[in-house]
Amino acid sequence: MVPASLTRGGDAPPDEEPRMSGVYKKIEIVGTSPTGFDEATRAAIEEASKSIRHMAWFEVAEQRGAIKGGKITEFQVTLRVGFKLE
């Protein structure tokens, strides 16, 4: 059932979060870091924000890493990023 506030074009009730309106595109990006998944995520978002406007959310799709000589040398994270189309 669709809430009346959405079918009548009215405002959402005060106890509900406003819904995102518009059209969004979702892309995948991969961040890397020698120190951890958190840093790889932050680096990927920071770099993507230099060329992608209106980023609104991300989700972690995959985490993996590289091993050399029995030691972790790189953390890799694949992110799905949503941004609003202009």
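Two helices and three strands make up the secondary structure of the chain, in a model that is predicted. Followed along the sequence, these elements give the pattern α-β-α-β-β. Of the 86 residues of the chain, 21% count as buried. Among the contacts with a separation of 6 or more, 60% are between residues 24 or more positions apart.

Strand E2, residues 55-68, runs antiparallel to E3, and twelve bridges join the two. One of the residues involved is Glu59, whose bridge partner in E3 is Arg80. E2 and E3 form a hairpin, with two residues between the strands. Gly69 lies in the turn and has a positive phi of about 60°.

Helix H2 is the next element to consider. Its twelve residues reach 16 Å from the first C-alpha to the last, close to the 16 Å expected at 1.5 Å a residue. Ala40, Thr41, Ala44 and Ala48 are the buried residues of H2. Viewed down the helix axis, these buried residues fall within an arc of 100°, so they line one face of H2. Arg42 and Glu46, by contrast, are exposed on the other side of H2. The cover over the buried residues of H2 includes strand E1 (24-33), together with E2 and E3.

In soluble globular proteins, nonpolar side chains tend to be buried together. Here the largest nonpolar core has nine residues: Ile29, Ala40, Ala44, Ala48, Ile52, Val77, Leu79, Val81 and Phe83. Two elements, helix H2 (37-48) and strand E3 (71-84), each give two or more residues to this core. The largest share, four residues, comes from E3.

A pair of aromatic rings is described by the distance of the centres and the angle of the planes. A search of the whole structure finds one aromatic pair. This pair is formed by Phe37 and Phe75 and is edge-to-face, with 5.1 Å centre to centre and 80° between the planes. Because Phe37 lies in helix H2 and Phe75 in strand E3, the pair ties together parts that are 38 residues apart in sequence.

The surroundings of Phe37 extend beyond its aromatic partner. Leaving aside neighbours within four places in sequence, Phe37 is in contact with Gln63, Arg64, Phe75, Gln76 and Val77. For Phe37 and Val77, the C-alpha atoms are 6.4 Å apart in space, while the residues are 40 apart in sequence.

Methods
Residues numbered from 1 in each chain as written. Predicted model: local features only at pLDDT ≥ 70, side-chain atom pairs only at ≥ 80, totals over all residues. Heavy atoms only, no water. Core = buried A, V, L, I, M, F, W, Y, C linked by side-chain atoms within 4.5 Å. Buried < 20%, exposed > 50% of the residue type's maximum accessible area, 1.4 Å probe, protein only. Pairing = 2+ DSSP bridges. Phe/Tyr/Trp six-rings, centres within 6.5 Å; stacked < 30°, edge-to-face > 60°. Contact = heavy atoms within 4.5 Å. Expected span 1.5 Å × (residues − 1). Arc of directions from axis to C-beta.
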